[in-house]
Amino acid sequence: MVAKVIDGKALAKKVRQECSVRVNELAAGGVRPGLAVILVGEDAASKVYVNNKIKACIEVGLHSEVYRFPGDASEAAVIAEIERLNADDTIHGILVQLPLPPQFALRKVLETISRDKDVDGFHLYNVGSLVVGDTVFPPCTPFGVQRILESENISVQGQNVVVVGASNIVGKPMALMLMQKEATVAICHAKTRDLAQFTILADILVVAAGKPNLITAPMVKTGAVVIDVGINRLADGSLVGDVDFHGVKEKASYITSVPGGVGPMTVTMLMWNTVQSAERFLAARPGAALEYAA
Ligand code: NAP
């Protein structure tokens, strides 16, 4: 069996077009979705990620603002900026690019973001909403994986899903989202004994560990759907995922590549969440019901 390689770039383009249509509809109501990004320090990868987010905003038609702080900035200064943005009606999404320098109390900063503008979905309110199945803003990377599965009509209901990686931003929310779609989910992490005994049972395998070649063909069930979230830069400068793509491709039914798989969808779902936030803002505006009825 040779897997179908899912084209994350093409799907991202389609979803961004859907977002643009919604942006135009919002313009008719006098609202332009706005995203504010806070970047602290000089981390090279973070700068690239922020640039990609701003480029996506331009492509989709969103207003964007970037607030850059030096690496030795105080937590109070960043929190004051977030509080100002919380009260700014032209901003519908606020995100703090992670990681933050060590002097920052991460949870305190994330909890300052208004839960109504928390488009990354990292505020405890939004994490809790995800747990009870009443999701407000699905975290962008797992949301992108969910959209990839839907785009191929891959139902997760009743399927054995194994998520490798248990971080707060990818693995755990991914597992919750798939569980809510009635999958049977196992979560593996660095302390899991004999990873292969879990992965071999997976109808759908989502890998987000940050370890090149962690998943090889003998660890994968024939016909499995394999979604590779990992991004690893090798010594020669090339980018690879966590899955031995060429080996596993011969055994899986669907597979995503790195680059070109989940990555483009992550930024795209950030656009989606920001547009969604602006739509909620418009709907909540006094007189909105009358405007819609007119
Ligand atoms: P993270 O916070 O470092 O978490 C990694 C998780 O993988 C942890 O739960 C860790 O277990 C687990 N793990 C590490 N080694 C393992 C092993 N040998 N076997 C099983 N589990 C193992 O990383 P993250 O932020 O979740 O990101 C994971 C990967 O996805 C990275 O490569 C990152 O660059 C990539 N990523 C990609 C996107 C995208 O848009 N495509 C977005 C976000 C992240 P413990 O909990 O036990 O330590």
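This is a predicted model: local features need pLDDT of at least 70, side-chain atom pairs count only at pLDDT 80 or more; totals for chains, interfaces and linings use all residues.
The relative accessibility of Ile 231 is 47%. Ile 231 therefore counts as partly exposed, since that class spans the values between buried, under 20%, and exposed, over 50%.

The cysteines were examined next. A disulfide is a covalent bond that joins the sulfur atoms of two cysteines. A search of the whole structure returned 0 disulfides. Cys 140 illustrates the point. The closest cysteine sulfur to that of Cys 140 belongs to Cys 19. The two sulfurs are 11 Å apart, which is too far for a bond, because a disulfide requires sulfur atoms within 2.5 Å. Cys 140 is buried, with a relative accessibility of 5%. Cys 188 is buried as well, and its relative accessible area is 1%.

Charged side chains do sit over rings, however, and two arginines provide examples. Arg 22 lies over the face of Trp 272, at 4.2 Å from the ring centre. Arg 280 places its charged end over the ring of Phe 137. Here the distance to the ring centre is 4.8 Å.

Key. Residues are numbered from 1 along each chain as its sequence is written. Side-chain values use heavy atoms; hydrogens and water are left out. Buried means under 20% relative accessible area, exposed over 50%, partly exposed in between (1.4 Å probe, protein chains only). A charge sits over a ring if NZ of Lys or CZ of Arg is within 6 Å of the ring centre and within 35 degrees of the ring normal.
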